[in-house]
Amino acid sequence: MNRAETALVTSPPRRWLQSAYEVPVLLRFGGRLLPGSRALEIGCGSGYGSQLILERFGAATVDAVDLDPAMIGRAGRRLARYGDRVRLAHGSATDLRAALDADDNSYDAVFDFGIVHHIPHWRTALAEVTRVLTPGGRFYFEEVTAHALARPTYRRLFDHPTEDRFSAEQFLGELAERGLVVLGSLTRIQGDYLLGVAAKPVGGGGEA
């Protein structure tokens, strides 16, 4: 993530959009978490998403990972008041065992606030999300698609992987390939942005 995008994603307008629009949509699709739930945020940035996961989604604890040590520092300062309810780690969403010693079926919810489109091996990241979710666990996602990344403004201002970008349909299709059941999703601005929630089935019956 380059300097321009870092400034954008940590700005007050971005935080307002996340809180006022994205969170209500995701709550409509996936609901609040059950008491005692353990959540994970991939690509936590400055920590605002983890704060929302605690306060708005009702997680008991949040583990959060980011590749940028500076962002981990910012998140630590923002989230210090939550004490041991938050654990931060430097590492990649494509290897959560290395970053967080995350076992299979270890999180009741995983949150992706616009990070997977930054990951060249995004399918591996979604495989990791699936692996660490408990049966019945939910994946809350907000993503930027290839359609948006091809726009001149995105190409000029931001730095993203140039190969193997995904459309909304491809992202949802990959979730299905991993065995996740999409509970609800929507796209905005001609398919530029995708929001939704998917669940890991309980047992072999395919029911979330």
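What percentage of the 208 residues of the protein count as buried? The share is 51%, where buried means under 20% relative accessible area and exposed over 50%, with partly exposed in between (1.4 Å probe, protein chains only). The structure is a predicted model, in which local features need pLDDT of at least 70 and side-chain atom pairs count only at pLDDT 80 or more, while totals for chains, interfaces and linings use all residues. Residues are numbered from 1 along each chain as its sequence is written, and side-chain values use heavy atoms, with hydrogens and water left out.

The protein has nine helices and seven strands; helices (H or I, at least four residues) and strands (E, at least two) are DSSP runs, numbered from the N terminus. Among contacts (heavy atoms within 4.5 Å) between residues at least 6 apart in sequence, 71% join residues at least 24 apart. The accessible surface comes to about 9,600 Å², and 52% of this surface belongs to carbon and sulfur atoms. Accessible areas come from the Shrake-Rupley method with a 1.4 Å probe; for residues, only the protein chains shown count as cover.

Helix H9 spans residues 168–177, and its buried residues are Ala168, Phe171, Glu174 and Leu175. Seen down the axis of H9, these residues fall within an arc of 130°, so they line one face of the helix; the arc is that of the directions from the helix axis to the C-beta atoms. Glu169, Ala176 and Glu177 are exposed on the other side of H9. The cover over the buried residues of H9 includes strand S4 (107–113), helix H6 (122–132), strand S5 (133–144), strand S6 (181–188) and strand S7 (193–199). Just after H9, Gly179 has a positive phi of about 90°.

A nonpolar core is defined as a set of buried Ala, Val, Leu, Ile, Met, Phe, Trp, Tyr and Cys residues joined through side-chain atoms within 4.5 Å. The largest such core holds 29 residues, of which Ile42, Val110, Phe139 and Phe171 touch the most other members. Two or more residues of this core come from each of strand S1 (38–42), helix H5 (96–100), S4, H6, S5, H9 and S7. H6 gives the largest share, five residues. Not counting residues up to four places away in sequence, Phe171 touches Asp112, Val116, Trp122, Leu126, Phe139, Phe141, Glu143, Phe166 and Leu194. A second, separate core has 27 residues, including Ala39, Cys44, Ile53 and Leu79.

Ile53 lies in helix H3 (residues 48–55) and counts as buried at 0% relative accessibility. With neighbours within four places in sequence left aside, Ile53 is in contact with Ala39, Glu41, Gly58, Ala59, Val62, Phe111 and Phe113. The C-alpha atoms of Ile53 and Leu33 are separated by 9.1 Å, the two residues being 20 residues apart along the chain.

In helix H4 (residues 69–79), the residues Met71, Ile72, Ala75 and Leu79 are buried. These residues cover an arc of only 100° around the axis, which puts them on the same side of H4. The face turned away from the buried side of H4 carries Pro69 and Arg77, both exposed. An α-helix has 3.6 residues a turn, so residues three or four places apart point the same way.
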